[in-house]
Amino acid sequence: MFIKRRKSWDLPESEVTDYQVYKSRRQFLNTAISVGLASALPSVGLAKPLDELKVYDTLKKSQFSTEEEKTTFEAITTYNNFYEFGTSKEAPSLYATEFPDESEPWRVEIDGECENPGVFDYDALVKPFTLEERIYRMRCVEGWSMVIPWIGFPLGELLKQARPTSRAKYVEFTTLYDPEQMPGQRRDVLEWPYVEGLRIDEAMHPLTILSVGLYGKELLGQNGAPIRLVVPWKYGFKSIKSIVRIRFVEKMPHTAWVKANSSEYGFYSNVNPDVDHPRWSQRKERRIGEFLKRDTLMFNGYGDDVAELYTGMDLKRYF
Amino acid sequence: MLLNSIQAWTSNAISSKDKSSMIKFSHLKVLLFLVCLYPFIFMLWGFFTHQLGANPIDTVTRLSGLWALRFLLITLCVTPLRWLTGFNQLVRFRRMLGLFAFFYATVHMLLYLGLDQFFDWSEIWRDIVKRPFITVGFINFVALLPLVATSTNKMVKRLGGRRWKKLHRLTYFVAAAACLHFLMLVKADIREPVIYIIILTGLLGVRLLHAGRHKQLSRQ
């Protein structure tokens with residue numbers, strides 16, 4: 001479904017920043033923030049030039065896309081939480097430049113409570129599905145947000161192929177564990193590998209997608225290449241990156257942030273302005289690129305589509 | 001000893017007859033002033049040349065807070081450095097360093113009030129009451145005020161060295177609370193705040209050791 005091209009740009013000129021320029025900006029920032037301290041980080045190699053990325057055209061448009069103004073490509077690819085590459089916002093764009101290692105094929109294992117488990121090469125996994133553009137709001141638990149034009153397909157379509165059994169109550173996702181490629185995993189900031197999970201009905205919901213690209217191009221390492229989850233009504237950390245395993249399970253998975261701090265992060269982690277995080281009010285958010293803050297919406301504005309998943313649940317308790 | 005030095009400092013500053021050394025010191029002070037201002041210039045420059053990333057307001061807020069903490073710790077280095085080097089004149093720079101800690105703390109506070117909360121006082125009040133790390137930060141800022149108010153020569157004189165010294169021990173509390181504030185806002189990677197905590201522990205430990213030895217000496 002994609003055609004490899006070298007010169008095609010889907011981006012408007014205003015949204016394109018030369019890779020080297022933004023590299024140097026990242027460097028500036030990294031120096032600014034860690035002058036003298038915690039800055040013993042390796043020097044940065046040259047990034048893969050952006051015009052060598054796979055380009056996806058002929059994308060199906062989606063009724064789920066928002067009309068809101070998209071966050072710039074530069075911001076989406078340089079302001080990331082991906083602790084596998086370091087805990088600063090800049091670290092992923094600095095240290096994921098060679099990720100994933102192209103000499104090793106990316107495989108995803110699908111197993112657990114299903115009749116059709118298997119290990120799939122990335123290409124074989126993605127091939128059966130029609131890729132769509134889904135322009136979604138993304139709300140981080142830290143109080144900022146973006147609008148991202150993802151490329152992907154509904155997770156439910158893949159899950160159906162695996163034919164989950166009646167015991168499959170939840171779906172558990174696991175990120176690659178490879179400290180060689182992911183320097184952040186050399187320290188126990190979180191319990192590695194990163195694990196996330198959804199209830200099966202959340203996973204099957206048409207809004208939930210597996211993404212393989214954004215802004216018309218394949219995903220960069222810092223955004224969770226080659227394949228990641230996107231669940232737009234939940235805080236960003238639920239949308240696990242660089243997935244190597246999808247498992248159907250009967251019990252609620254132990255997810256990374258719940259393990260790290262269960263009083264602050266819940267399994268559901270639905271965007272909810274009425275449930276504060278102890279360190280951040282969740283009533284407002286700063287949309288990246290905007291000066292004033294905006295009000296945070298229940299379920300990140302996707303309430304019409306997803307509220308029914310939670311009827312009868314006390315969302316203050318099941319946060 | 002500290003008392004002596006304060007007296008020496010104040011009397012020197014007020015009525016030094018040694019013109020040549022005064023000129024030298026004033027030059028050094030100007031130089032130090034510019035060095036201390038550098039992080040602020042750096043932030044302004046980075047902000048207006050769009051080099052502070054996708055969320056510049058967050059970046060300047062974090063940087064100003066970080067520099068407030070750094071200047072607090074630098075200020076607390078002065079006395080141990082004096083003991084170490086015997087160069088007592090160092091104390092002449094201490095006030096400027098301390099005031100710069102206050103300067104960066106003020107920038108930090110104003111950024112929070114203005115660009116995070118947009119001076120929405122009811123929201124700010126909720127934040128102070130509900131969010132422990134904001135509570136600590138706020139108490140911390142308030143605790144800096146009496147230190148700043150008593151930083152002039154006149155106030156040192158009025159309070160008297162002993163009382164001034166007692167009051168300014170509040171700096172230890174402020175530095176510790178600043179470390180706590182930093183530690184509390186970190187999500188998972190506590191490495192950086194821990195580095196500052198270790199430095200502060202060292203600076204306070206040296207003082208305890210010194211006080212202990214002083215007591216022993218005076219007993220003998």
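These points go through a predicted model, from confidence to the chain contact.

1. Confidence. The mean pLDDT of chain A is 88, and 85% of the residues reach at least 70. Residues 1–14 of chain A are an exception to note, with pLDDT below 50. That stretch still has 19 contacts in the model beyond near neighbours in sequence. Residues 35–46 of chain A also stay under 50 in pLDDT. For residues 35–46 the model has eleven contacts beyond four places in sequence.

2. The hairpin in chain A. Strand 1 of chain A (residues 107–112) and strand 2 of chain A (residues 118–121) run antiparallel and are joined by four bridges. Five residues lie between the two strands, and the pair forms a hairpin. Within this pairing, A:V108 has A:F120 of strand 2 opposite.

3. A:A162. This residue belongs to helix 5 of chain A, which covers residues 155–162. A:A162 counts as buried because 20 other C-beta atoms lie within 10 Å, and the cut-off for buried is 20 or more. Leaving out residues up to four places away in sequence, A:A162 touches A:I110, A:C114, A:N116 and A:P117. Of these, A:I110 falls in the residue range of strand 1 of chain A. A:Y177 is 15 residues from A:A162 along the chain, and their C-alpha atoms are 24 Å apart.

4. The largest nonpolar core. This core has 71 residues, and A:V171 and A:L229 touch the most other members. Strand 4 of chain A (residues 144–154) gives the largest share, six residues.

5. Surroundings of A:V171. Which residues does A:V171 touch, not counting those up to four places away in sequence? They are A:L159, A:G197, A:L198, A:I200, A:A203, A:I246 and A:F248. A:L159 lies within the residue range of helix 5 of chain A, the helix that also holds A:A162.

6. The contact between chains A and B. Chain A contributes 23 residues to the contact and chain B contributes 18 residues. On the chain A side, helix 1 (19–33) and helix 2 (73–78) each supply at least two residues. Helix 1 of chain A gives the largest share of that side, five residues. By residue type, the chain A side divides into 14 nonpolar, three polar and six charged.

Conventions: Residues numbered from 1 in each chain as written. Chains lettered and ligands numbered in written order. Predicted model: local features only at pLDDT ≥ 70, side-chain atom pairs only at ≥ 80, totals over all residues. Contact = placed C-beta atoms within 7 Å. Nonpolar A, V, L, I, M, F, W, Y, C, P; charged D, E, K, R; others polar. Buried ≥ 20, exposed ≤ 12 C-beta atoms within 10 Å, placed from the backbone. Pairing = 2+ DSSP bridges. Core = buried A, V, L, I, M, F, W, Y, C linked by C-beta atoms within 7 Å. pLDDT = per-residue confidence, 0-100.
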